[in-house]
Amino acid sequence: MKKLEDLQAIISDAVRKLDFPGYPAKLYEPISYILSLGGKRMRPALLLMACDLFDGDVDAAIPPALAIEIFHNFTLMHDDIMDNAPLRRGQITVHERWNQNVGILSGDVMLIEGYKLMMQVEDRLLRPILDIFNTTAVGVCEGQQVDMEFEQRNDVKIGEYINMIRLKTAVVLGGALKIGALIGGAQLNDADLLSSFGEHLGIAFQLQDDILDVYGDPEKFGKQVGGDIISNKKTYLLIKALELADDQQKSELNGWLALKQFDHAEKVNAITTIYNSLDVRQYAEEEMQAYADKAFEALDAINLPEEHKQYLHDFADGLLVREN
């Protein structure tokens, strides 16, 4: 089994070798630019990992893995426009460096470039793999739309939130693993179980991100702690707090959510104090563990050698025991 960092290095090298047309420059330069900003390359590395788990040809899995990475960056390019984000990974976003129209059109062609790469799988796998890619891509768009609608609502339920993060984040992990498994020669049942492992792990990972945003060490987290609180993001912690709060706590929470101008540190401190009084961190950690357990349940049922299952178990543990 190849190490995760080796698989990430294979993807980074393949991304560097991508050769887009030079004309028209403003269509293709933004694609090379956003792909050059780096990132962990986790999604494509998972596709390669799944292929390797079933002793498949990792080289044959590189084009579809690149397709997943290009698709992921296409969604980021368009998300940045929707969010008016000035920075991505510490660098100027595409729509700020060029303009919004360039960001929209370059994103569109990125999606098509992703399909061109995905179509390089062998013919017998083309239809099932494109089906998975299509389902994954639609899921991500649905998740983004639901997430935007949550911004206007104060009655979001936990089940709705879990489904949103499943669509927006987790289906890509599941889809990448399923595609890689099929390329590696896995039976459909095992590919489905591996996809379920990835999806449940993705939900657990996002729940942990919610927890770290409030309770993480800012030195290690790499992001502003309390960022979700400042921006009124509907996270598991906020939704659970609103569900558990008494009238006074609910009034205080809604008061902070309604304020347009406030001291950031004061708001973070006030809302965190309410979270602490309601034990929402413990609820979130229990929910995260429940989804991690579901992931491991799917993993245990996969027809793989024990050392390969242990590799995935260790990978999942590494994802979920983190500070950043």
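**Briefing: helices, cavities and backbone features of a predicted model**

Arg41 counts as buried (under 20% relative accessible area, where over 50% is exposed and anything in between is partly exposed, using a 1.4 Å probe and protein chains only), at 8% relative accessibility. The structure is a predicted model, in which local features need pLDDT of at least 70, side-chain atom pairs count only at pLDDT 80 or more, and totals for chains, interfaces and linings use all residues. Residues are numbered from 1 along each chain as its sequence is written, and side-chain values use heavy atoms, with hydrogens and water left out. Helices (H or I, at least four residues) and strands (E, at least two) are DSSP runs, numbered from the N terminus.

**Backbone features in loops**

- Arg41 is found in the loop between H2 and helix H3 (42-53), and its phi is positive, about 55°, although Arg41 is not a glycine.
- Asp55 likewise is not a glycine and has a positive phi, of about 60°; this residue is placed in the loop between H3 and helix H4 (62-83).
- Asp55 is exposed, with a relative accessible area of 63%.
- Tyr23 and Pro24 are joined by a cis peptide bond with omega of about -10°, and Pro24 lies in the loop between helix H1 (4-17) and helix H2 (25-36).

- Helix H8 covers residues 158-183, and its 26 residues should span 38 Å at 1.5 Å a residue; the expected span is 1.5 Å times one less than the number of residues.
- Of the 26 residues of H8, 21 are buried, so the helix is mostly covered.
- Gly185, which follows H8, has a positive phi near 100°.
- Leu125 belongs to helix H7 (residues 123-150) and is buried, with a relative accessible area of 7%.
- Leaving aside neighbours within four places in sequence, Leu125 is in contact (heavy atoms within 4.5 Å) with Leu182 and Ile183.
- Leu125 and Ile179 are 54 residues apart in sequence, and their C-alpha atoms are 9.3 Å apart in space.

**Cavities**

- The structure holds 2 cavities of 30 Å³ or more; a cavity is a set of points, on a 1 Å grid over the protein atoms alone, where a 1.4 Å probe fits but cannot get out, and lining residues have an atom within 4 Å of a point.
- Grid points are joined across faces, edges and corners, and a volume is the space filled by probe spheres set on the points.
- The largest cavity has a volume of about 60 Å³, and its lining includes Asp210, Asp213, Lys233 and Tyr275.
- Helix H9 (188-215), helix H11 (227-230) and helix H14 (264-278) are the elements that give two or more residues to the lining of the largest cavity, with the largest share, 3 residues, coming from H9.
- The lining of the largest cavity has 6 nonpolar, 2 polar and 4 charged residues; Ala, Val, Leu, Ile, Met, Phe, Trp, Tyr, Cys and Pro count as nonpolar, Asp, Glu, Lys and Arg as charged, and the others, Gly among them, as polar.
- The second largest cavity, with a volume of about 30 Å³, is lined by Leu46, Leu173, Leu177, Phe197, Gly198, Leu201, Phe315 and Leu319.
- H8, H9 and helix H16 (306-320) are the elements giving two or more residues to the lining of the second largest cavity.
- The lining of the second largest cavity has 7 nonpolar, 1 polar and no charged residues.

Conventions: 1 Å grid on protein atoms, 1.4 Å probe; cavity = no way out; pocket = protein on both sides within 12 Å on 5 of 7 lines; lining within 4 Å.
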